[in-house]
Protein chains: 2
Amino acid sequence: MVQLGPVPDLSGAIDKCAGCPIRHRAVCSYSSPAELQKLESAKFYRNYDAGQVIAAEGEVTRSLGSVVTGVVALNRTLEDGRRQMVGLMFASDFIGRPLRRTVPFEASAVTDVRMCLFHRSQFEQILGDSPSLERRLLELTLDELDAARDWMLLLGRKTARERLASFLMILTIRQANLDKMTAQSGQVLALPLTREAIAEYLGLTIETVSRQFTALRKDGVIDLPDRRSVRIADLARLQSAAGLDQGDEQFHALS
Amino acid sequence: MVQLGPVPDLSGAIDKCAGCPIRHRAVCSYSSPAELQKLESAKFYRNYDAGQVIAAEGEVTRSLGSVVTGVVALNRTLEDGRRQMVGLMFASDFIGRPLRRTVPFEASAVTDVRMCLFHRSQFEQILGDSPSLERRLLELTLDELDAARDWMLLLGRKTARERLASFLMILTIRQANLDKMTAQSGQVLALPLTREAIAEYLGLTIETVSRQFTALRKDGVIDLPDRRSVRIADLARLQSAAGLDQGDEQFHALS
DNA sequence: GGAGCGAATTGATCCTGATCAAGGCGCAGT
DNA sequence: ACTGCGCCTTGATCAGGATCAATTCGCTCC
């Protein structure tokens, strides 16, 4: 599955920021036209195939940047092979540790991915001159931290059923927001992750994930039209199965 | 235990930043003398007793700032009472969500605590004018995020024994760093947390925490001179019990 | 010194999710 | 159409940690 394979193709470095689909959400969204020009001349695009490793655990990374399209998973691994996903990044999320040489996790493409990248030294230099860039990066990092803390609650205290329901709620709300709608029963999700990746996300095994999918289906909470989609049959019950009725409070971070 | 009790005493607003024990590590550590003067006139101190709630979950907070002395726990709670610690803050750590009105967790004093605080609006204003403050806050947030991700690995994949050993390793290394020493066998730790708080940190019950303390003691990895201290009898074995031999790599974030 | 109380330990049992194992489904290649 | 291979599901059993319950320890207050 993990292809260390062929060099990812570099393409489309000619794209303009103005027409960029993540222009209004990404790290550059506060940048003035002048700053944007600096970024525009420094940036380059790179595409990765689903399954491809973007950066290995502990690797010295030469570049960092934003997800333009697709989904990227960040994983930590124990020596004996136990793996835990520690980040799940969507379009406009920023990947990379500015001000540090190495990343303490593996980043891999879950779907086909297109990244907007900068060389680290160059990015750090621009960052030093650009308060609006730094401000936006701070905001993104704070949001990420909030999401990580929600996730810690899930990993530390929630049951398998609650974990899967929480995961489906997050995806449901995220997709509804992208479509500029509110989440609702009947909504159909295209699952970007395999069962294995979901298990790594939720701190479970694939067998348990599979059983909980089946259980939620038998309970009439969801339908499973095929293996890569989920239809939310009863959003209210999904939400209560997720272990919180405090509305969207928990989910704003990913929205 | 949790005292909503008497208004915490405000004291010592006259302290100078120059002599501050966290001057070189806190959010202000990059600030120029001019900036420092602004911060100095805006800051105020507040003391909290062990067990006291500093900010309730979801509360609109009027202030935010740094831990000067003591230990603060950040906790998230499910409706049915299950609690998970999502942050453990020591001297020089920054608490509060700039650019947001509410905190999504409860902050409570684990030991007696002294905080250096700012009114949120005032802090945000200073932040906007001060790149060095913002830079340092970004660094602290990135470190926090790294620590949260290590923690997610612990919560998602480690056994009870590994969790407790990891926790003791973190404390050991943190204390050694404070003492400007390297961690070593024979080192004695003063545990700042009760068994209950440790359980909330590690995603376990107090019974399991207690049993794992006993197990590590019986295995000769640690001694328990009394309930609030731990003597590291065999650091190498503690480290291997923590589930990683990659040196200090995992622990730099808290060091 | 004794009573009272909260924190911690220890024991017995239960249960959720992991592990081990066997098939089934869908799809690409021949 | 058949084979092979991933991915997923389902079943049977196991085990780590939770839960329920009973002491014990250490401290404060009389």
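Here are a few worked exercises on the structure above.

This is a predicted model, so to speak: local features need pLDDT of at least 70, side-chain atom pairs count only at pLDDT 80 or more, and totals for chains, interfaces and linings use all residues. Residues are numbered from 1 along each chain as its sequence is written, while chains are lettered from A and ligands numbered from 1 in the order in which they are written.

**Exercise 1. Get to know chain A.**
Find how many helices and strands chain A has, and what share of its residues is buried.

*Solution.* Start with the elements: chain A has seven helices and 11 strands. Helices (H or I, at least four residues) and strands (E, at least two) are DSSP runs, numbered from the N terminus. Next, burial: of the 255 residues in chain A, 43% are buried. A residue is buried if 20 or more other C-beta atoms lie within 10 Å of its own, exposed if 12 or fewer, and partly exposed in between, with C-beta atoms placed from the backbone.

**Exercise 2. Look at A:V60.**
Is A:V60 buried or exposed, and which residues does it touch beyond its sequence neighbours?

*Solution.* First place it: A:V60 sits in the loop between β2 (53-55) and β3 (63-69) of chain A. Then count: with 11 other C-beta atoms within 10 Å, A:V60 is exposed. Leaving aside neighbours within four places in sequence, A:V60 is in contact with A:R101 and A:T102. Contact means that the C-beta atoms of two residues, placed from the backbone, lie within 7 Å. For a sense of distance, A:V60 and A:R211 are 39 Å apart, C-alpha to C-alpha, and 151 residues apart in sequence.

**Exercise 3. Check a helix pair.**
Work out how α4 (residues 160-178) and α5 of chain A are oriented.

*Solution.* Take the angle: the two helices pack at about 110°, with their axes 10 Å apart. Axes are lines fitted to C-alpha atoms, for helices over the stretch in contact, and angles run from 0 to 180 degrees between N-to-C directions. Angles under 35 degrees count as roughly parallel, over 145 as roughly antiparallel, 65 to 115 as roughly perpendicular and the rest as oblique. So α4(A) and α5(A) are roughly perpendicular. Now the residues: A:R163, A:L164 and A:F167 in α4(A) meet A:I198, A:Y201 and A:L202 in α5(A). That contact has five nonpolar residues, no polar ones and one charged. (Ala, Val, Leu, Ile, Met, Phe, Trp, Tyr, Cys and Pro count as nonpolar, Asp, Glu, Lys and Arg as charged, and the others, Gly among them, as polar.)

**Exercise 4. See how the chains meet.**
How many residues of chain B are in contact with chain A, and which element gives the most?

*Solution.* Count both sides: 33 residues of chain B are in contact with 33 residues of chain A. On the chain B side, β5 (83-89) and α3 (131-157) each give two or more residues. α3(B) gives the most, with 19 residues. By class, this side has 16 nonpolar, six polar and 11 charged residues.
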